[in-house]
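Hi,

Here is the structure I said I would pass on.

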Amino acid sequence: MFKGFFTLLRRFIPPYKRYIVLNVIFNVLSAFLTLFSFALIIPILEMLFGMNQAHYTYMELGSAGLKEVVVNDFYYGVQCLIESYGPSTALAAIASMLVVFTGLKVGSAYLAAFNMITIRTSVVRDIRNQIYDKIVTLPIGFFSNERKGDVMARMSGDVTEVENSIMSSLDLMFKNPIMILACLTMMILVSWELTIFVFTLLPIAGFIMGTVGKRLKRVSLDAQNQWGMLLSNIEETVGGLRIVKAFNAEDKVRKRFSDENNKYRRITQNMHRRYELAHPMSEFLGTATIAVVLWFGGKLILSGNATITAPSFIYYMVIFYSIINPAKDFSKASYAIQRGLASVDRIDKILKADDTIKDPEHPVPLKEMKQGIKYSNVRFRYGDQWVIDGIDLEIGCGKTVALVGQSGSGKTTLADLLPRFYDVEEGSISIDGVDIRDVSKYDLRALMGNVNQEAILFNDTIRNNITFGVESATDEEVIAAAKIANAYDFIMATENGFDTNIGDRGCNLSGGQRQRLSIARAILKNPPILILDEATSALDTESEHLVQQALDNLMHGRTTVVIAHRLSTIKNADLICVLQDGKIIEQGTHDQLIAENGSYKHLVDLQKF
């Protein structure tokens, strides 16, 4: 447990070392003031109530051991106070000192916690930032095998668990060991015999509590995994609510969620029961230990052979009892950390995921395209199945190439390889003779604009969606892009024009309007290469006409890769490639392929029918 905890600290704490140092300093000061204020109990007991009749004289430092000199001179001061002002005044003075030291002690404790809060909140912020940064940089293939709801659970629930468990325990993990160490040191100074006896008891209690804590981490990991399943279930239900209702499947999804939710309840119930066991177990073990020490110490004093006096034994017990609360808090903190480390394991599945799409160490600059794109014997697979199998294709600068074929023939994958959403496994793709793997991802993708079948928009204003990814675009440029995309008229008809919020995924707009905003975004970016993936297939006839006009405006003078099912939209393409099982089985212009009377002619005839 402690290995994982300190590994976590080494990862996230270094930027905040200054606050750690201040926290430790104030915790040490608080522990010292606690012990010193407790030490005032002994002279009160011994001298004010006549238990010590000895007469003390002032001793110089070095005339005896440090402990003897400090204790003697302290007693000498109390003795002088009693002789000069009387027992009542002396008692009031010592009580006042106790109040002053207690005030300094709690002030030090607050300053220690004050610095720890800065660390706690900053580390949690850093973890969230790191997860988000990693999510943005990870390749698309990583999320093909992950549930979106589970990723969200790690970003939200697991980070919150780390904050509520590990980060909330930081103060206890730094403060309590210092307090325990200080008290144990004083206990050794007061009576090493009793302390050795205590040391034989504490490991037994620690072993019992540690066994429960290990099992808690495993249960907590199961709980977080199940929470991710629940979030995924909710996300799928909300996203597919139209289908759920259309197929009268409310009872089916309701039962599925209820079963998952009940499973989560059982796991968390088990986890919380174990966690709540920490306090009563530590309190029982602490009380049992105090009882044994009280019996053993009392037996030593009653035997008359002990090296400790009755007042010192009472002070010893006060110190020992002051260890119990830090020890209990320490055990609760260890349980909380076990829970948090389970969440860290889930977070690390994202943070330590390998980014397979890497930038080259020395990228070749590529700011424009002059010659064209070339696929050379390209092969790619998901798992064991080759999706792209030995494709050779040249796309001249300014030309339009259309990819057609049945679903699953590899059209979208072939296009996704160009911006390196995935990397080819064999062969190469080059732009102007430069392998795209030798170019930085930023420079490569800066050359390209995408318009997809599903318009991917954000819950923001129309203006911010059009300017997404384009820095410092002027109003004139935004308006010009909207006009070219046939979007200006409907934008101005909205309530606030370009400042209208379009809702989640553009739900306040029609399908055609969303698609035209996507095209306006691509126009504003002004890329030399366009990738159009089924950009009109989900639209009605009128919307398709408007969007196709916008696409024609967008494609003018650009190198374009078009993926199309509606073959009427690609009649004028410079080259049409027919894919089947990851291979190009036919290629040519529309007229050439019709004349060949092959697969393309068959697809055209089917659509006419």
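Predicted model: local features only at pLDDT ≥ 70, side-chain atom pairs only at ≥ 80, totals over all residues.

Residues are numbered from 1 along each chain as its sequence is written, and side-chain values use heavy atoms, with hydrogens and water left out.

Let's start with the sheet. Six strands make up an open, mixed sheet, in the order β6-β7-β8-β3-β9-β10. (Strands are DSSP runs of E, at least two residues; helices are runs of H or I, at least four residues; both are numbered from the N terminus. Two strands pair if DSSP finds at least two bridges between them.) At the edges sit β6 (448–451) and β10 (583–588), each pairing on one side only. On average, neighbouring strands are turned by 20 degrees against each other, direction ignored. Strands β3 (400–405) and β8 (559–563) run parallel and are joined by four bridges, with L403 standing opposite I563. Helix α18 packs on the sheet, touching β6 and β7 (529–533), and its direction makes about 175 degrees with that of β6. (Touching, or contact, means heavy atoms within 4.5 Å; axes are lines fitted to C-alpha atoms, for helices over the stretch in contact, and angles run from 0 to 180 degrees between N-to-C directions.)

Now the cores. A nonpolar core here is a set of buried Ala, Val, Leu, Ile, Met, Phe, Trp, Tyr and Cys residues joined through side-chain atoms within 4.5 Å. Buried means under 20% relative accessible area, exposed over 50%, and partly exposed in between (1.4 Å probe, protein chains only). The largest core has 39 residues, and those touching the most other members are I466, I491, L517, I519, L554, I570 and Y600. Helix α18 (511–525) gives the most to this core, six residues. If you skip neighbours within four places in sequence, I570 is in contact with A402, V404, V562, A564, I576 and Y600. A second, separate core of 33 residues includes F380, I391, L418 and L579.

Finally, the backbone. Most residues other than glycine have a negative phi. R420, not a glycine, has a positive phi of about 60 degrees; this residue is in the loop between α13 (411–416) and β4 (426–431). N486, also not a glycine, has a positive phi of about 55 degrees and lies in the loop between α16 (475–484) and α17 (488–493). Is R420 buried or exposed? R420 counts as buried because its relative accessibility is 2%. N486, at 24%, counts as partly exposed.

Cheers
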